[in-house]
Amino acid sequence: KSIVYWMRMGDLRIVDNRALAAASKQAVQDKIPLIVLFLLSPQDCLAHDMSKQRIDFVLRNLSEIKESLGGLNIPLFTVSHTPRHTVPLKVVSLLESFQCTRLFANIEYEVDELRRDLKVLALSKEKGVRPHYFHDRCIIEPGLIKTKDGRAHAVYSPYQKKWIAMLNESIDTYLEESPIPDANSSSIRQDSTFGPLCNTPLPHSVEGFELDPADRETMVKVWPAGSAVAQEILSRFLKTKARSSQLGTTDPLADGAEISNKKSRILMYAEKRDSGNQDTTSRLSPYLAAGVISPRECIRATMSLAGLKKVDAGRTTGIGRWVQELAWRDFYTNVLANFPRVSMGRPYQEKLANVRWEVNEEHLAAWKQGKTGIPIVDAAMRQLNTMGWMHNRMRMIVAMFLTKDLLLDWHLGEQYFMEQLIDGDLASNNGGWQWSASTGVDPAPYFRIFNPYTQSAKADPTGDYIRTYVPELKNLRGPELHNPPMKVADKLGYPRPIVVHAEVRERAIRRYQNPGQE
Ligand code: FAD
C-alpha cells in the first residue's frame with residue numbers, strides 16, 4: 001500500500017507545501033510509504049501555450065526536488081502522458097499499481113485542470129482511493145472573500161481591504177508553515193516494493209519544447225532553479241540595494257551582496273517599483289508561478305523584516321506596497337476561479353466581446369520582434385524575448401500599445417506572452433491583458449490610453465533600460481532616445497514608428513465607443 005502526493009507544475013517545492021505535508025503525515029500515521037507523482041502532459045503544455053522557458057524551468061526545479069526527496073528516501077515517479085484527455089485514466093491506473101489508499105494534491109483553479117481533477121476524483125473513488133485536495137496557491141483561498149451580497153469581487157480595492165482584514169484576523173491560520181515531509185517515519189527503504197521508483201530518469205526536455213542551447217544557458221544563468229535560490233532572491237530583495245547592472249541577462253545572485261537596510265529594494269518599492277531602469281522589483285514571479293517558493297513565506301519574511309506581528313499593506317511603505325502585489329496575485333486567481341469564462345477566452349466585460357479588431361500581420365510581427373519604432377515598446381519586447389520576463393510597467397505599456405495603438409486583439413498578446421514568459425500564469429496574465437484592453441475586472445477605462453513616449457520618460461528616466469535592450473540607440477540621450485527623430489532613426493538603422501500615436505489614439509476611442517459598428 002502507499003500514499004501518493006501528486007505534484008503539479010505550480011507547486012514545485014517540498015518546503016511549506018500543504019498537500020505534501022498532509023500526505024506525509026498520513027503516511028506516518030498509516031505506516032505506509034509516500035510516493036510523489038509528477039505527470040507531464042505535452043498536449044496540455046501546447047494547449048495552454050506554455051513557454052519553452054517555463055517547461056525548462058519546471059524540469060530544472062524537478063531535478064532539485066528529486067534530489068531533496070531522495071535525501072528523505074521518498075521516491076519521485078515522473079511520467080509523460082499523451083493524449084491529454086486520458087490523463088485521469090492514466091493517473092488512476094498508476095494509483096492502482098502503487099496500491100494507493102489516498103491521493104493528495106493542491107488545487108489548480110483553471111477550468112481544464114478542475115475538470116481533469118473532477119474526473120480523477122470520480123475514478124479514484126471507484127477504485128477505493130480517497131482523494132484529498134488542498135488550497136495552497138493563494139494566501140487567502142478563492143471564494144472566501146465576497147461582496148455584501150455574497151458575490152465575488154470584480155474590483156480590487158474593496159477586495160484588498162477585506163483581504164488584509166481577514167489575513168490579520170486569522171494570521172496564524174493563513175500563514176501557518178507546513179512541515180517538510182518526515183524523513184524518518186514516512187520514508188521507505190530502497191529495497192521495499194516502491195524503492196526502485198526512485199530510479200525513474202527525469203526528462204531533460206519535452207519533445208517540441210526544446211530551448212536552443214544558448215537560450216537555455218541564459219535561462220539557467222538568469223533564473224537558477226531551486227527553493228534555496230528563491231529564498232536567497234527573496235532575502236536579497238529585502239536587504240540589498242537596486243543596481244542597474246542587473247538589467248541585462250546577468251546572474252541575479254552573482255554580485256551585490258551590498259547590504260543597506262535603509263535603502264533595500266523592498267523599502268524603496270513604493271517610490272521605485274515603476275522604474276524599469278533599475279532592478280527595483282523582486283523578480284520572484286517565476287518562482288511564485290511554479291510554486292518554488294510559497295507566497296506565505298514571502299509575507300512571513302516581510303513581517304519579520306518590519307518586526308511586526310500583523311501584515312502591513314499600506315500604500316506608503318515599500319513593504320506594504322509589495323504585499324499589495326501579492327494581494328493582486330490572489331485577486332486575479334480569485335477572479336479566475338469565480339468567473340471561469342475568463343479562462344475560456346471570453347472577456348470579463350461581455351459587452352466588449354465584439355470590438356472590431358484590426359487584422360495586421362506586419363504590425364503584430366513588429367510588436368513581437370521589438371521593431372515598432374517606439375523605443376520603450378521595443379526594449380520591453382526584446383527583454384521578454386531574451387529573458388522570458390518583463391518588468392511590470394513595461395508589460396502594461398506594451399499591452400496597452402498592442403490593444404489601443406495597434407488595435408489588435410488582446411488574445412494575440414496574451415498568447416504571445418504565455419509562449420515567452422517564464423512566469424506565465426493564466427490568472428495574472430489574463431488579468432493584466434484584460435486590464436490593458438479595458439475588457440477585464442477593474443480595467444483601465446478605454447479612453448485613458450497610455451502615451452508610450454510619456455510613459456517611457458517616466459519608466460526609464462535614465463534611459464538605461466532602452467539602451468540595454470535596443471543597442472542601435474545606445475549613444476542617444478534624453479528626449480531623442482525616447483522618441484528618435486526620423487533622420488536619427490534612419491541613420492542608426494532603427495525603424496520609424498509603425499503608427500502615429502495621436503492618430504491611432506482617436507481610432508481606439510471611436511472603436512471602443514461603438515464596439516462592432518465603427
Ligand atoms: P514584484 O513587483 O516583486 O511583485 C511580487 C509578486 O507579486 C510577483 O512576483 C507576482 O507574483 C505578484 N504580482 C506583482 N504584480 C502583479 C500583478 N499586476 N498581478 C498579479 N500578480 C502580481 N505576473 C505573473 O506572475 N505571470 C504572468 O503571466 C503575468 N502576466 C502579466 C501580463 C500583463 C499584460 C501585465 C500587465 C502583468 C502581468 N503579470 C504577470 C503581473 C506582473 O507584471 C508580474 O507579476 C511582475 O512583473 C513580476 O515581477 P516581480 O516578481 O519582480 O514582481
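Analyst: By class, the shell around the ligand has 11 nonpolar, 11 polar and 7 charged residues. Here Ala, Val, Leu, Ile, Met, Phe, Trp, Tyr, Cys and Pro count as nonpolar, Asp, Glu, Lys and Arg as charged, and the others, Gly among them, as polar. Please keep in mind that this is a predicted model: local features need pLDDT of at least 70, side-chain atom pairs count only at pLDDT 80 or more, and totals for chains, interfaces and linings use all residues. Residues are numbered from 1 along each chain as its sequence is written.

In total, 29 residues surround the ligand, each with its C-beta atom, placed from the backbone, within 6 Å of it. The closest are Thr-281, Ser-282, Asn-392, Asn-429 and Gly-432. Helices H11, H13, H16 (392-405) and H18 each supply at least two residues of this shell, and H18 gives the largest share, 6 residues. A helix here is a DSSP run of H or I with at least four residues, numbered from the N terminus.

Domain 2 and domain 3 both give residues to the shell around the ligand, so the shell lies between them.

Across their boundary, 20 residues of domain 2 are in contact with 25 residues of domain 3; contact means that the C-beta atoms of two residues, placed from the backbone, lie within 7 Å. On the domain 2 side, helix H8 (213-222), helix H11 (285-289) and H13 each supply at least two residues, and H13 gives the most, with 5. That side divides into 9 nonpolar, 9 polar and 2 charged residues.

Two of the shell helices also meet each other. The axes of H13 (residues 318-338) and H18 (residues 426-436) come within 8 Å and cross at roughly 90°, which makes H13 roughly perpendicular to H18. Axes are lines fitted to C-alpha atoms over the stretch in contact, with angles from 0 to 180 degrees between N-to-C directions, and 65 to 115 degrees counts as roughly perpendicular. From H13, Arg-329, Tyr-332, Thr-333, Val-335 and Leu-336 meet Leu-426, Ala-427, Ser-428 and Gly-431 of H18. The residues of this contact divide into 5 nonpolar, 3 polar and 1 charged.

Definitions and conventions:
Angles under 35 degrees count as roughly parallel, over 145 as roughly antiparallel, 65 to 115 as roughly perpendicular and the rest as oblique. Domain bounds come from an automatic or database domain assignment.
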